[in-house]
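This report describes how the parts of one protein chain are arranged.

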Amino acid sequence: MAGLYIHVPFCQKRCLYCDFYSNTDMGYKEAYLSALIREMELRKNYLEGETLETIYFGGGTPSQLSVENLNQLFEAIYRNFPVNQDMEITLEANPDDMTPAYVAALRSLPVNRISMGVQSFDAADLKFLNRRHDREEALRAVRLCQEHDLYNISIDLIYGLPGQTPEKWQKNLDEVLRLDIPHISAYHLIYEEGTALYRLLEAGKITAVDEDTSLTLFTLLIENLAAAGYQHYEISNFARPGWYARHNSSYWKGKKYLGLGPSAHSYNGTEREWNVASLPEWIKGIRTGKPALENEQLDENTRYNEYIMTHLRTMWGIDLNELSEKFGEKKLKYCLNLAQTYEKRHLLLQKDGKLTLTKEGIFVSDGIMSDLLWV
Ligand code: SF4
């Protein structure tokens, strides 16, 4: 079973913090759609005939595609790939694109999961982040989906904004909990080089929250969602039992996926490929039959390191039998040896053949994961 990721590289305007590849020139849309369908034909063998179990339209802003555009893409997907009957098909959406007509029309497509880029319900936060929507639009968009029987909704939130207080963050959490949705992703604000946000920080116009505040905000997030019955199944992801994001989980479980569109990444177990992060260059490559992409063969040490990094971040953790089968006794012992210090400090737990982060370990997960890597 494998996944298909489709990068939709269009945004009406750029958000302050964003470093995903996207383009505000909608004039490329027709050329993009044709190139995407051609890319499916050129690269479908990457998955070696494996059946698709998830499709993820990410971006950029996939909800900038019309239902007709999406229909065209689904026809091409079904023509080129074997598909599972019970696929998870996610569309990332901006709240202000979710008009009643658009949501109703989406129901004619096989899309069965919406990942909504809400980020915050606070007017000042949304203005600061340069988002297109406001609080009311976000609430209306979720309600519209629910009214149209699209219950499998995930909301993205960002916390750790300059000046954010625990009280303000709590209001956001109260708001999201009232929506009664099955999945929430929450990310700490990151100052990525090259973004407008980074330039503001460099110019001294904003101040990042301090570490204590970050920890308090993360604690509030975990406690509120746990009390409401959400499982903290990955460092930044929370779901009602059974409502895990199947597509993202397949990344963490090391399953194969093919990424189409500019800047999309692919993985087939032995190598990674990534498409050029430029819409014109990507289109040119596809048109000439030579996709503009780079790749990296993954040696055993790199695969071991990726296994540690991806598995430890989930509540399922590292399966020690699987680790030994894939990488041998030597690497298993290496891992267990390094893990001991953290087990003694109750930051890692070894139980039933699994090695997982404890509740305390989640707060220092980056350090633990990098310590377990093969160097
Ligand atoms: S955060 Fe989303 S909507 Fe905003 S610029 Fe990035 S991809 Fe576009």
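## Domain arrangement

The centres of domain 1 and domain 2, taken over C-alpha atoms, are separated by 29 Å. The model is a predicted one. According to the domain assignment, domain 1 spans 2–252 and domain 2 spans 300–371.

The size of an interface is often expressed as the accessible area lost when the parts come together. Between domain 1 and domain 2, about 1,000 Å² is buried, and 71% of it lies on carbon and sulfur atoms. On the side of domain 1, the residues that lose the most area to domain 2 are Tyr233, Ile235 and Trp252, which together account for 50% of what that side buries. In terms of contacts, twelve residues of domain 1 meet ten residues of domain 2.

## Backbone geometry

Glycine 60 belongs to the loop between β2 (52–59) and α2.

A further backbone feature concerns asparagine 130, whose phi is positive, at about 65°, although this residue is not a glycine. Asparagine 130 is located in the loop that runs between α4 (123–128) and α5 (135–147).

## Packing of α1 and α2

Helix α1 (residues 29–43) packs with helix α2 (residues 67–80) at an angle of about 10°, and their axes are 9 Å apart. Because angles under 35 degrees count as roughly parallel, α1 and α2 are roughly parallel to each other.

From α1, the contact draws on Lys29, Glu30, Leu33, Leu36, Ile37, Met40 and Glu41, while α2 contributes Asn69, Gln72, Leu73, Ala76, Ile77, Arg79 and Asn80. The class composition of this contact of α1 with α2 is seven nonpolar, three polar and four charged residues.

## Packing of α11 and α12

For helix α11 (residues 300–312) and helix α12 (residues 320–344), the packing angle is about 90° and the axes lie 11 Å apart. Since the range from 65 to 115 degrees counts as roughly perpendicular, α11 and α12 are roughly perpendicular to each other.

Classified by residue type, the contact of α11 with α12 contains seven nonpolar, two polar and five charged residues.

Methods:
Residues numbered from 1 in each chain as written. Predicted model: local features only at pLDDT ≥ 70, side-chain atom pairs only at ≥ 80, totals over all residues. Heavy atoms only, no water. Axes fitted to C-alpha atoms, helices over the stretch in contact; angles between N-to-C directions. Helix = DSSP H or I, 4+ residues; strand = E, 2+ residues; numbered from the N terminus. Parallel < 35°, antiparallel > 145°, perpendicular 65-115°, else oblique. Nonpolar A, V, L, I, M, F, W, Y, C, P; charged D, E, K, R; others polar. Contact = heavy atoms within 4.5 Å. Domains from an automatic or database assignment. Buried area = accessible area lost by both parts, 1.4 Å probe.
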